[in-house]
Amino acid sequence: MLRAVFFGTLTFVCSVLSMSWAQNKTEPTETGPHPGTLQFRWEYSCPGGKDCSFICSGAGGRATHVIRLRINLGTITVDSSQNAPVVFYDFSTVEIPRASGFSISAGLSNLSCEVSGMTLDYSGPPK
């Protein structure tokens, strides 16, 4: 009986502490500025994220159940003298509220992204 009371109390205290820590947690803001020069942007959406996915070559960026995706194409300075093509992407899924990644071309590789089931909301220069 004493064990049951102990574990019951421990469970209650842990759940209260967990809720308290969750309330004090600050949410990160939208992914910030990217290094380099951005030249083009694509923005996609998929309410519900049911049958929406993407995959970007190079960095292995891929996700399913995607709700929002933003892809930025640009260049980044490497070795303070050469510019290399780069793709930055950030997205949200049903399971993951914020994620991001990038892929830098080494000159011989292609930068590409395949988007499935999503609606293209914007295409043009970065906002």
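I count two residues as in contact when they have heavy atoms within 4.5 Å. With that cut-off, among contacts in the protein chain between residues at least 6 apart in sequence, 62% join residues at least 24 apart.

Housekeeping next. This is a predicted model, where local features need pLDDT of at least 70 and side-chain atom pairs count only at pLDDT 80 or more, while totals for chains, interfaces and linings use all residues. Residues are numbered from 1 along each chain as its sequence is written, and side-chain values use heavy atoms, with hydrogens and water left out.

**Entry: overall layout**

I took helices (H or I, at least four residues) and strands (E, at least two) as DSSP runs, numbered from the N terminus. The protein chain has one helix and eight strands, and from the N terminus the order reads α-β-β-β-β-β-β-β-β.

For burial I used relative accessible area: buried is under 20%, exposed is over 50%, and partly exposed is in between (1.4 Å probe, protein chains only). Of the 127 residues in the protein chain, 26% are buried. Areas are Shrake-Rupley with a 1.4 Å probe, and for residues only the protein chains shown count as cover. The accessible surface of the protein chain is about 8,700 Å², with 59% of that belonging to carbon and sulfur atoms.

**Entry: the open sheet**

Which strands make the open sheet, and in what order? I found three, running S3-S2-S7 with antiparallel pairing. Strand S3 (61-64) and strand S7 (113-116) are the edges, each pairing on one side only. From one strand to the next, the twist averages 5°, taken between axes fitted as lines to C-alpha atoms, with angles from 0 to 180 degrees between N-to-C directions.

I then checked S2 (residues 53-56) against S3 and got four bridges, antiparallel. Cysteine 56 has glycine 61 in S3 as its bridge partner.

S4 (residues 66-78) and S5 run antiparallel, joined by 12 bridges. One pair I noted is isoleucine 76 with alanine 84 in S5. The hairpin of S4 and S5 has three residues between the strands, and there aspartate 79 takes a positive phi near 60°.

Is S5 (residues 82-93) mostly covered or mostly open? Mostly covered: nine of its 12 residues are buried. On to S6: six bridges join S5 to S6, also antiparallel, and the hairpin between S5 and S6 goes through five residues.

Isoleucine 104 is partly exposed, at a relative accessible area of 40%. Together with Val78 and Phe102, Ile104 makes a nonpolar surface patch of about 250 Å². Patch residues have over 30% relative accessible area and no salt bridge; like charges are joined within 9 Å, nonpolar side chains (Val, Leu, Ile, Met, Phe, Trp, Tyr) within 5 Å. A salt bridge here is a side-chain nitrogen of Lys or Arg within 4 Å of a carboxyl oxygen of Asp or Glu.

**Entry: proline 126**

Last stop. Proline 126 lies in the segment after strand S8 (119-124) and is partly exposed, with a relative accessible area of 29%. What does proline 126 touch? Leaving out residues up to four places away in sequence, I got Leu38, Gln39, Phe40 and Arg41.

Methods: Two strands pair if DSSP finds at least two bridges between them.
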